[in-house]
Amino acid sequence: MFRLYNPKIESSSSIESIFFAMLIQRSKVLTFLGFLLPIALVYGTLYEFILDNDEVFDKCPDMLDGKGIHDYFDLTNLSIVYREGRVFVSGSMTCKWEGVEPTDRITIRSELLKFQQGGWQPTPISAYTDDFCAIQFAPTSIFFPVWSRHIIEWDRKCINNYGHIYHYRPFALNTKYSFSQNMEGRHKIVVRSVAYDDTSNRKRPKEFCVQIFGDLVKVKY
């Protein structure tokens with residue numbers, strides 16, 4: 001099951017849910033992970049998300065003893081290049097989430113927070129799925145048209161397969177999006193994923209959590 005929450009825009013017929021992958025490093029790109037932003041594409045203001053630093057991903061405050069994104073994915077062979085408002089992706093990446101099994105159920109929660117009044121405040125934009133593997137490669141999923149369909153067919157296994165390699169057909173992602181509300185300012189995206197044993201439904205000890213800091217800036221015409 002997949003749920004999006006945005007009370008200000010979810011009833012509009014102009015909504016398209018976009019799998020927002022901001023994966024840029026200035027000289028060498030090293031990243032993957034999807035973040036779900038329900039975005040109004042009509043009657044909105046155009047913004048671009050400008051990353052805060054070259055490393056892209058930061059550790060979550062409660063998981064500082066790990067290596068962040070590199071505990072879960074080997075990105076050595078993943079090439080991502082930012083050029084003229086688009087992110088060009090090619091190469092491959094390896095799943096390395098230790099302690100999970102291919103039969104585990106994976107939940108993913110992502111949210112966009114804005115820094116204001118001296119702290120991080122929630123925005124109306126968040127997303128949650130309680131069974132990511134069931135929808136990762138489903139053609140009707142919001143993941144499919146912008147991410148998972150670019151993985152070659154014989155590599156289409158869930159991220160809970162340790163050592164599995166995703167080979168990508170080269171593709172490009174837009175980095176500019178329209179919002180129906182004022183989104184200018186400093187933001188962070190927080191993505192947290194948990195694995196559950198399929199038999200006992202017990203939570204696996206190693207959780208996945210990353211943060212991406214940046215600024216949403218209005219695009220000048």
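**Cysteines and their surroundings**

Me: Is Cys95 buried or exposed?
Reply: In this predicted model, the relative accessible area of Cys95 is 1%. A residue counts as buried when that value is under 20%, so Cys95 is buried.

Me: Which cysteine sulfur is nearest to that of Cys95, which is in no disulfide?
Reply: When the bonded cysteines of the protein chain are numbered in sequence order, they pair as 1-4, 2-3. Cys95 takes part in no disulfide, and a disulfide would need two sulfur atoms within 2.5 Å. At a distance of 8.0 Å, the nearest cysteine sulfur is that of Cys158.

Me: How many residues apart in sequence are the parts tied together by Cys60 and Cys209?
Reply: A disulfide joins Cys60 to Cys209, with 1.9 Å from S to S. Cys60 belongs to the loop between strand 5 and strand 6, whereas Cys209 belongs to strand 14, so the parts that this pair ties together are separated in sequence by a number of residues, namely 149.

Me: Is Cys158 buried or exposed?
Reply: Cys158 is joined to Cys133 by a disulfide, with 2.0 Å from S to S. Cys133 is partly exposed, with a relative accessible area of 24%. For Cys158 the relative accessibility is 9%, and the limit for the buried class is under 20%, so Cys158 counts as buried.

Technical notes. Residues are numbered from 1 along each chain as its sequence is written. This is a predicted model: local features need pLDDT of at least 70, side-chain atom pairs count only at pLDDT 80 or more; totals for chains, interfaces and linings use all residues. Side-chain values use heavy atoms; hydrogens and water are left out. Helices (H or I, at least four residues) and strands (E, at least two) are DSSP runs, numbered from the N terminus. Buried means under 20% relative accessible area, exposed over 50%, partly exposed in between (1.4 Å probe, protein chains only).
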